[in-house]
Amino acid sequence: MFENRLLKVHRHYSKLAKRQDVACYRFYDHDLPEFPFAIEWLNGAVHAAEYKRKHGMGDEEHDAWLEACKEVIATVVEITSEAIFMKERQRKAGRQGQYDKFGEQKTERIVPEGGLNFIVNLTDYLDTGLFLDHRITRGLFREDAKSKHVLNLFCYTGSFSVYAAAGGAATITSVDLSKTYLNWAKRNMQYNKLYREAQHDFINTDAMEWLKEIPSETFDLIICDPPTFSNSKRMEDNFDVQRDHVTLLKKLIKICTPTGKIYFSNNYKNFVLDREYVPAAMVKDITKATTPFDFQKLHRSCFIIEK
């Protein structure tokens with residue numbers, strides 16, 4: 001059953017990917033309840049994350065089942081099982097678990113997207129370091145970036161920063177609570193030969209606190225893709241995207257120039273934007289327009305906000 005479903009979806013998505021010149025894409029996402037995986041093709045390797053559930057198997061039985069699933073995946077996509085990397089993940093809302101770490105194997109790979117290259121880690125973290133669902137959004141962001149002063153808030157591994165640099169941004173400020181991910185973001189910039197010390201700042205801090213110190217009208221272009229929920233020990237308060245998004249957006253609008261633009265996205269399944277409390281001239285829902293062919297089932301919201 002699993003093999004038949006994989007054959008069908010992989011054939012379909014690989015054709016779409018080839019047509020759109022996409023090297024990394026998701027081709028299976030919990031299609032069958034008995035096989036709760038999110039499986040992504042990463043230009044020659046496969047990342048398969050099993051959603052945690054009550055499966056009723058003992059440890060040895062579950063390990064054997066995973067190995068059998070790995071062999072099925074290898075057969076379908078025609079690669080060796082050594083090129084398939086499997087993880088177990090909690091079904092957390094949005095991206096709140098992205099900082100979870102599994103080990104220190106550091107199995108890294110360079111993958112292409114949009115004429116650029118990105119470092120992915122296939123073993124050590126819950127996610128690989130490149131959120132494939134923002135492929136289209138990154139392209140739009142690059143088109144908007146020329147000569148702009150750009151802010152990438154909650155920047156993770158800096159893919160939007162790399163796209164902005166490729167688009168000719170005047171300056172780019174990347175902010176994240178994790179030193180590990182900031183270093184990763186800088187490495188991504190350096191690998192693409194885009195890093196300029198005088199133009200690119202990488203700031204390790206709590207984003208919400210940092211915003212309080214930024215002068216009005218500092219940035220022309222902002223990307224903000226916050227976690228659904230965060231309660232790190234390094235934060236003054238916890239963060240909940242539904243509860244706190246109006247406060248966050250008010251701060252972003254304040255530091256945005258009069259003709260600036262804010263891209264705001266999140267992965268909370270039941271997110272509702274409180275439009276009447278957002279003091280902006282224009283709020284446009286671009287969720288549908290920015291959802292790639294391989295993420296039609298994903299619960300993600302994306303907006304453009306203009307002051």
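## A buried loop residue

In this predicted model, N267 is found in the loop that runs between β13 (256–266) and β14 (282–285). Although N267 belongs to a loop, its relative accessible area is 11%. N267 therefore counts as buried, the cut-off being under 20%.

A second position gives a sense of distance. Between N267 and G56 there are 211 residues in sequence, and their C-alpha atoms are 29 Å apart in space.

## Two residues with positive phi

Most residues other than glycine have a negative phi. E78 has a positive value, with phi near 60°. F154 likewise has a positive phi, near 55°.

F154, at 17%, is buried because its relative accessible area is under 20%.

## Overall fold and dimensions

The protein contains seven helices and 15 strands. Its C-alpha trace extends over about 55 × 40 × 35 Å along the principal axes. The radius of gyration is 20 Å, which agrees with the value near 19 Å that a compact globule of 307 residues would have.

Contacts between residues at least 6 apart in sequence were also classified by separation: 64% of them join residues at least 24 apart.

## Burial, surface and charge

Of the 307 residues, 55% count as buried; N267 and F154 are among the buried residues. The accessible surface of the protein amounts to about 14,600 Å², and carbon and sulfur atoms account for 47% of that area.

## Confidence of the prediction

The mean pLDDT of the protein is 92, with 93% of residues at 70 or more. Over residues 91–99, however, the pLDDT is below 50. In the model this stretch has 25 contacts beyond near neighbours in sequence.

Note on methods: Residues are numbered from 1 along each chain as its sequence is written. This is a predicted model: local features need pLDDT of at least 70, side-chain atom pairs count only at pLDDT 80 or more; totals for chains, interfaces and linings use all residues. Side-chain values use heavy atoms; hydrogens and water are left out. Helices (H or I, at least four residues) and strands (E, at least two) are DSSP runs, numbered from the N terminus. The radius of gyration is taken over C-alpha atoms; the globule rule is 2.2 Å times the number of residues to the power 0.38. Buried means under 20% relative accessible area, exposed over 50%, partly exposed in between (1.4 Å probe, protein chains only). Contact means heavy atoms within 4.5 Å. Accessible areas come from the Shrake-Rupley method with a 1.4 Å probe; for residues, only the protein chains shown count as cover. pLDDT is the predictor's confidence in each residue, from 0 to 100.
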